[in-house]
Amino acid sequence: MSNRSPYLLLWIPLISLLLGNTQCSDSGNNSGNEAASVDSQQKISSNSGGFNGNLTAGDQFGSAVVSIGDLEGDGVTDLAVGAPYTDSGGTDHGAVWILFMDSDGRVDTQQKIADGAGNFDGNLDNDDRFGSAVASPGDLNGDGVADLAVGAPGDDAGGTDRGAVWMLFLNANGKVRLYQKISDSAGGFGGNLKDGDEFGSAVASIGDLDGDGITDLAVGAPYTDVGGTDSGAVWILFLDRDGKIKSQQKIADGAGGFGGNIKSGDRFGNAITGLGDLDGDGVTDLAVGADLSDIGGTDRGAVWILFMDRDGRVKAQQKIADSDGGFKGNLNDGDQFGSALAGLGDLDGDGTIDLAVGANRSDIGGTDRGAVWILSLDADGKVKAQQKIANGSGGFNGKLTDGDEFGSAVADIGNLDDKNLSDMAVGAPLDDDGGTDKGALWILFLKQAN
């Protein structure tokens, strides 16, 4: 029996109410006790998780990841995973692995897409880094099979490192049936790219923004110099069903209606995700990473929530960073919050989508082990609760080592294990399983926080 005064016990609920019922866990990283945490995890790498593909040292498998729906029709969501430093066909040509998944987070079978593999015979060159970003626009061409957009930011079409995106029309076996390249000189793209822009560093499906019945894309070019050196940009691409561009809109410092303050070196556009209709105006909104933003300290990073119009322009924005936008998590110099982004659906049942944000240089547990923040958002784009997932935090019990850069990629993979919440895939491309920097992917089965 407690020896507390009964009068004190009566006051405790009232005091909690007056203070906002604030609860703390993980050193204050979970505000309001609403953001989801990890129930269990499964690692996929060169020697774990049922993956039988041939990775070599330096491939950096896990640099990008996206759900592509149930490609093979077995009732389980399948994944596409980038390995942009693969040397298939030449140095750093890059590759994408199609993973046919089991519901326990293990790989059933896999298919490699690379220079001369997976029926792909597009022209890749050294240092193209095909697989640096991946996104699924759904079944773009109406053949009943989901398609794939793949970034190759080192592509030299039109000039050095201007970048490119490859639209891959897939077969159900994960091989390529047709493809279309989008670059400075291909695919109907009429935007003005410069040398070193690295268009294709991030790619996101953003739904049918303009209402023509065809899914559109957002593509990052984080080394664009509009407003300052490497301040960055995002291109909104309005697609046709053949994967070509019918029009585009650039969003950057002072461009496309964007009124936020971007600095030199911020790398705005290094990560992008669609958020659905956050503000209820009938138009999909976006989250954009600027992982080298110096808000609060050097390279702590930031995320911009962009409230969009149908023409691809920004009507309003909200910044989330160290002590900004309602975010109360603890960031340190060099964390690179915003290194990866994924909308996770409405995990907490409040009617507003939640957001996963990578901070791949976080030092929790050791140098550059990495972290992911799950943010519960309000309709105005501000954060109402957060949960950090890292070495020993947020229910994550996987083994990370120094330099893994867990959080370099994140993706909503749907309800893989058929429980209550959507699950998440997180890339750790510098993981050393089987060899230096072969890379890994972690499947995180999520649960609602207590």
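1. **How to read the model.** This is a predicted model, in which local features need pLDDT of at least 70 and side-chain atom pairs count only at pLDDT 80 or more, while totals for chains, interfaces and linings use all residues. Residues are numbered from 1 along each chain as its sequence is written, and side-chain values use heavy atoms, with hydrogens and water left out.

2. **The chain as a whole.** The secondary structure comes to one helix and 24 strands; helices (H or I, at least four residues) and strands (E, at least two) are DSSP runs, numbered from the N terminus. The radius of gyration is 21 Å, close to the 22 Å that the globule rule gives for 450 residues, so the chain is as compact as a globular protein of that length. Here the radius of gyration is taken over C-alpha atoms, and the globule rule is 2.2 Å times the number of residues to the power 0.38. Along its principal axes, the C-alpha trace spans about 75 × 50 × 40 Å.

3. **Surface and contacts.** Of the 450 residues in the chain, 58% count as buried; buried means under 20% relative accessible area, exposed over 50%, and partly exposed in between (1.4 Å probe, protein chains only). The accessible surface comes to about 16,000 Å², and 42% of it belongs to carbon and sulfur atoms; such areas come from the Shrake-Rupley method with a 1.4 Å probe, and for residues only the protein chains shown count as cover. Among contacts (heavy atoms within 4.5 Å) between residues at least 6 apart in sequence, 56% join residues at least 24 apart.

4. **A sheet from β14 to β17.** This open sheet of four strands has the order β14-β15-β16-β17, with antiparallel pairing; two strands pair if DSSP finds at least two bridges between them. The edges are β14 (268-274) and β17 (314-321), each with a single partner strand, so one side of each is left without a neighbour in the sheet. Neighbouring strands are turned by 25° against each other on average, direction ignored. For such angles, axes are lines fitted to C-alpha atoms, for helices over the stretch in contact, and angles run from 0 to 180 degrees between N-to-C directions. To look at one pairing, follow strand β16 (residues 302-308), which is antiparallel to β17 over seven bridges. Leu306 stands opposite Gln317 in β17.

5. **A sheet from β18 to β21.** Another open sheet of four strands has the order β18-β19-β20-β21, and its pairing is antiparallel. Its edge strands, β18 (337-343) and β21 (383-390), each pair on one side only. The twist from one strand to the next averages 25°. Four bridges link β18 with strand β19 (residues 354-359) in the antiparallel sense, and Leu341 stands opposite Val357 in β19.

6. **The β8-β9 hairpin.** Strand β8 (residues 164-170) and strand β9 (residues 176-183) run antiparallel and are joined by seven bridges. Val165 has Ile182 in β9 as its bridge partner. Five residues lie between the two strands of this hairpin, and Gly174 in the turn has a positive phi of about 90°.

7. Ser136 is found in β6 and is buried, with a relative accessible area of 16%. Its side chain reaches the backbone oxygen of Asp147 at 3.1 Å, a polar contact (a pair of N or O atoms within 3.5 Å; within protein, one must be able to donate a hydrogen and the other to accept it, and residues adjacent in sequence count only if both atoms are side-chain atoms). Leaving aside neighbours within four places in sequence, the residues in contact with Ser136 include Val66, Ile68 and Ser205.

8. **Thr86 in a loop.** Is Thr86 buried or exposed? At 3% relative accessibility, Thr86 counts as buried, and this residue lies in the loop between β3 (79-82) and β4 (95-101). The side chain of Thr86 reaches the backbone oxygen of Ala83 at 2.9 Å. Beyond its neighbours within four places in sequence, Thr86 is in contact with residues including Asp59, His93 and Lys112. Phe130 is 44 residues apart from Thr86 along the chain, and their C-alpha atoms are separated by 8.7 Å.
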